[in-house]
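Keep the viewer open as you read.

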Amino acid sequence: MPVSNDELKGLYYYLNLVRISDERCRRLFKQGRFHGTYFSAVGQEATVVGPCYGLRPEDTIGIQHREMGAAITKGMPLKYILAELFARKDSPDRGKSHPCHYGWKPLGIITPASTIAAQTVIATGCALAYKIQKKDNVAVCFVGEGATSNGVWHEALNFAGIHRLNCVFVVQNNLWAESVPAALGVPVEDVSERAKAYGFPGVTIDGNDLFATYETSQEAIRRARKGDGPTLIEMKTYRWYGHSEIDPANYRTQEELEYWKKRDPVPRFEKILMERGVIDESYKLATIQRIERELEEAIEFAEKSPHPEPHEILEDVYAPL
Ligand SMILES: Cc1ncc(C[n+]2csc(CCOP(=O)(O)OP(=O)(O)O)c2C)c(N)n1
């Protein structure tokens, strides 16, 4: 299905929103404005914007520590994302969890489970609920290639394959799981090969090409909504910075980093939109100014939000009977 100019502009906005927010959050952490650490996904933006753009509010996403951009593109208000990072009272978790556990119930954004891959099981359970309720909502699950060596990831895909659930499994293969290279975590060249074992299609695509990530995801989402079962999409990509902001990433070479920086998904998409006349320089400027404004408001909201009181630590931990 051809992508309309309005869709391209929407994708362009989110691609930039995710990039600019991510770089800003790195700076905020380095300035000591929030604590813990921060997991940047700069370089990987197209792997989340493509699958999440245009999802319905009632669809589910299951994300890991690095998928702030998925929550943003699904529509989670920036102010709540910042309040979560700052661990403040106005965060959806009321300031309880370590940074990077973005979750928001109204839009079906499952809070990352901390144990990597575990959110895949939860999202697959949501897809089972959709099937029982005869709904055509989808569950889109994100992991890195490292998480695909975790047992629960396989159990979820196996279960989704057997019951032909409305799932899209996205693997962001960024070549590294902390300091472990993909070759020491995954014994196949393409993680998408693993789909064969579970009886549904698997594809490998360029994760830095937003056209590819969007169109492939749209096709998989359509398939899932029709009841034709899951798809596994492996997106080859790269994270520019360390595993988190406290990791200098000394285990990789400068050449490798330079290779991937030349394949930056943001200018690559922008160049095509400019060439096609979908956007121009003044549109670009207005988009960036809008994003900067939105970010400032969100940061102000988070910084003005109070810290939780010590006694609140035991609230919302157990569901009332
Ligand atoms: C079950 C489990 N094992 C180990 C960890 C520690 N850990 C956190 S993130 C991470 C690497 C995950 O790599 P990958 O899934 O490729 O995602 P990426 O960080 O590259 O985005 C590890 C080992 C964890 N959180 N949970």
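**Starting from a helix**

Helices here are DSSP runs of H or I with at least four residues, strands are E runs of at least two, and both are numbered from the N terminus.

A word on the model: it is predicted, so local features need pLDDT of at least 70 and side-chain atom pairs pLDDT 80 or more, while totals for chains, interfaces and linings use all residues. Numbering runs from 1 along each chain as its sequence is written.

Back to α7. Its buried residues (20 or more other C-beta atoms within 10 Å of their own, with C-beta atoms placed from the backbone) are L210, T213, Y214, T216, S217, A220, I221 and A224. Among the elements covering them are α1, β4 (167-173) and β8 (231-236). Just past the helix, G227 takes a positive phi of about 90°.

Beyond its neighbours within four places in sequence, V168 is in contact (C-beta atoms, placed from the backbone, within 7 Å) with residues including S217, A220, I221 and A224.

Finally, find Y13 in helix α1 (residues 5-30). Y13 has 16 C-beta neighbours inside 10 Å, so it counts as partly exposed, the class between buried and exposed (12 or fewer).

Conventions: Two residues are in contact if their C-beta atoms, placed from the backbone, lie within 7 Å.
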